[in-house]
Amino acid sequence: MIVLKIVGAVFLIIVLLTLLPIGVKICYNSILTVDVRYLFLKFRVYPMKSKKKKEPKQIKAKKKQSAKTKVKKTKSKEKTQNISETIEMVLDILRALPKAIKLLLKSFCIYDLQLTMTIGREDAHQTALTFGKMSAYIYSIFAVLNNIFKIKVKSMVIQPDFYGEEKNDVNASVKIVLIPIIAIIAAIYFAVAFLKDDKKTYTNSKEDTAV
């Protein structure tokens, strides 16, 4: 009886811990940072702290020169193409999510979403075109995400810079709250669904071979 009580108490503690929410804070200001908070614990997931090895001065100078040349070679048009392609890919993936996954993701809460983006190009015409495209992409992503998650926006500003240099300044931060037990239930649900689909394909292939 004592052993059963101990096992029951441990199980109850584990269940209670899975009911407590986990907070994730993601920030981007030229550097991406991801912090996780659970109860009174807080730790940084990304970037991880790593020990820097000392390098000779000549190697450092060569690296600086190569980095400068690489920065000069990169073009703003290629950057915008890569960004737009990535956004389109994300939109296609989000639209293709099954209804069951969307219902599970609805339990996640996204709040304090802040986004500030300044877009500048070579001339006013290019700036206006890029600003229109990026605005359409970002608001489309937000509309799709808003149908999946519970999102609370704190501020969202996308502005063109007609008089500045070529740049894409992005400052963003968001807080995500999720409950571990929901993730566990989702994992069990998808495991069962996967096994059912696998069994169906196996039986169908067996029937085809028999015929």
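**Charged and polar side chains in the predicted model**

Lys175 is partly exposed, its relative accessible area being 28%. In this predicted model, the side chain of Lys175 forms a salt bridge with that of Asp112, with an N to O distance of 3.5 Å. Lys175 belongs to strand β6 (residues 167–178) and Asp112 to strand β4, so the pair ties together parts that are 63 residues apart in sequence. Asp112 is likewise classed as partly exposed, with a relative accessibility of 25%.

Side chains of opposite charge can pair when their charged atoms come close. Across the whole structure, the search for such pairs returned 2 salt bridges. Besides the pair of Lys175 and Asp112, a salt bridge links the side chains of Asp35 and Arg44, at 2.7 Å from N to O. The two partners in this pair fall into separate accessibility classes: Asp35 is buried, at 13% relative accessibility, whereas Arg44 is partly exposed, at 44%. The value for Asp35 counts as buried because it lies under the 20% limit.

Strand β2 spans residues 32–38 and contains Arg37, while strand β3 covers residues 41–46 and includes Tyr46. Tyr46 is partly exposed, with a relative accessibility of 45%. Although Tyr46 and Val34 are separated by 12 residues in sequence, their C-alpha atoms are 5.0 Å apart in space.

Arg37 also contributes to a surface feature. Together with Lys25, Lys42 and Lys154, Arg37 forms a patch of positive charge on the surface. The relative accessible area of Arg37 is 43%, and this residue is therefore classed as partly exposed.

The side chain of Thr118 is joined to that of Gln159 by a polar contact of 3.2 Å. Thr118 has a relative accessibility of 13% and is accordingly counted as buried. Strand β4 also holds Asp112, for which the relative accessibility of 25% corresponds to the partly exposed class.

Note on methods: Residues numbered from 1 in each chain as written. Predicted model: local features only at pLDDT ≥ 70, side-chain atom pairs only at ≥ 80, totals over all residues. Heavy atoms only, no water. Patch = residues over 30% accessible without salt bridge, like charges linked within 9 Å, V, L, I, M, F, W, Y side chains within 5 Å. Areas by Shrake-Rupley, 256 points an atom, 1.4 Å probe, with all protein chains shown as cover. Salt bridge = Lys/Arg side-chain N within 4 Å of Asp/Glu carboxyl O. Lys, Arg positive; Asp, Glu negative; His and termini not counted. Charge placed at Lys NZ, Arg CZ, Asp CG, Glu CD. Helix = DSSP H or I, 4+ residues; strand = E, 2+ residues; numbered from the N terminus. Buried < 20%, exposed > 50% of the residue type's maximum accessible area, 1.4 Å probe, protein only. Polar contact = N/O pair within 3.5 Å; in protein donor to acceptor, adjacent residues only side chain to side chain.
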